Amino acid sequence: MNAQFKKGVLELIVLAAVEQKDMYGYELVAEVSKVVNVKEGTIYPILKRLTKEHYFETYLRESTEGPPRKYYHLTAAGILHLRELEKEWEEFSRNVNKFLKER
């Protein structure tokens with residue numbers, strides 16, 4: 001996939017994935033990779049920024065497979081931001097598809 005396309009939709013995909021259920025970083029990388037091939041080094045800076053912008057809250061949960069895991073939870077502000085991004089994506093993709101069909 002074109003790197004610029006991927007970069008443009010990752011925030012939307014990350015927010016949408018965490019809206020479904022709280023996730024820890026590696027779990028989120030696996031979930032996002034079902035849609036777009038990404039590496040951990042791509043996702044963690046996005047998680048850090050979205051947390052800093054108060055779209056995510058984090059908490060630790062004990063793990064049976066090692067140290068506690070940091071989980072990400074979508075805040076009310078995160079839900080609003082997600083809805084805005086979804087509207088923007090719908091309009092953008094509709095306009096691109098319309099243009100491509102009309103040419």
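With which residue does Arg49 form a salt bridge, and how far apart are the closest N and O atoms? The partner is Glu53, and the closest N and O atoms are 3.3 Å apart; a salt bridge here is a side-chain nitrogen of Lys or Arg within 4 Å of a carboxyl oxygen of Asp or Glu. The model is predicted, so that local features need pLDDT of at least 70 and side-chain atom pairs count only at pLDDT 80 or more, whereas totals for chains, interfaces and linings use all residues. Residues are numbered from 1 along each chain as its sequence is written, and side-chain values use heavy atoms, with hydrogens and water left out.

The chain contains four helices and three strands, taken as DSSP runs numbered from the N terminus (helices H or I, at least four residues; strands E, at least two). Along the sequence, these elements follow the pattern α-β-α-α-β-β-α. The C-alpha trace spans about 55 × 30 × 20 Å along its principal axes. Of the 103 residues, 33% count as buried, that is, under 20% relative accessible area, with exposed meaning over 50% and partly exposed in between (1.4 Å probe, protein chains only). Among contacts (heavy atoms within 4.5 Å) with a separation of 6 or more, 47% are accounted for by residues 24 or more positions apart.

The largest nonpolar core comprises 24 residues; such a core is a set of buried Ala, Val, Leu, Ile, Met, Phe, Trp, Tyr and Cys residues joined through side-chain atoms within 4.5 Å. Val14, Leu15, Leu28, Val32, Ile43 and Phe56 touch the most other members. Two or more residues each come from helix H1 (3-20), helix H2 (25-33), helix H3 (40-52), strand S3 (66-74) and helix H4 (76-102), and H1 gives the most, with eight residues. In soluble globular proteins, nonpolar side chains tend to be buried together. Beyond its neighbours within four places in sequence, Leu28 is in contact with Val14, Ala17, Val18, Met23, Ile43 and Leu47.

Leu28 also takes part in the packing of H2 against H3. The axes of these helices come within 10 Å and cross at roughly 115 degrees, where axes are lines fitted to C-alpha atoms over the stretch in contact and angles run from 0 to 180 degrees between N-to-C directions. From H2, the contact involves Gly25, Tyr26, Leu28, Val29 and Val32, and from H3 it involves Glu40, Ile43, Tyr44 and Leu47.

A search of the whole structure finds seven salt bridges. One of them joins the side chains of Glu19 and Arg83 (2.3 Å, N to O). Because Glu19 lies in helix H1 and Arg83 in helix H4, this pair ties together parts that are 64 residues apart in sequence. Glu19 is partly exposed at 34% relative accessibility, and Arg83 is likewise partly exposed at 33%. Lys34 pairs with Glu31, with the closest N and O atoms 3.1 Å apart; Lys34 is exposed at 64%, whereas Glu31 is partly exposed at 25%. In the Arg49 and Glu53 pair, Arg49 is partly exposed at 33% and Glu53 is partly exposed at 36%. Salt bridges with shared partners join Glu11, Arg49 and Glu53 into one network.

His54 lies in the loop between H3 and strand S2 (56-63). Although not a glycine, His54 has a positive phi of about 70 degrees. Most residues other than glycine have a negative phi. His54 counts as exposed, at 57% relative accessibility.
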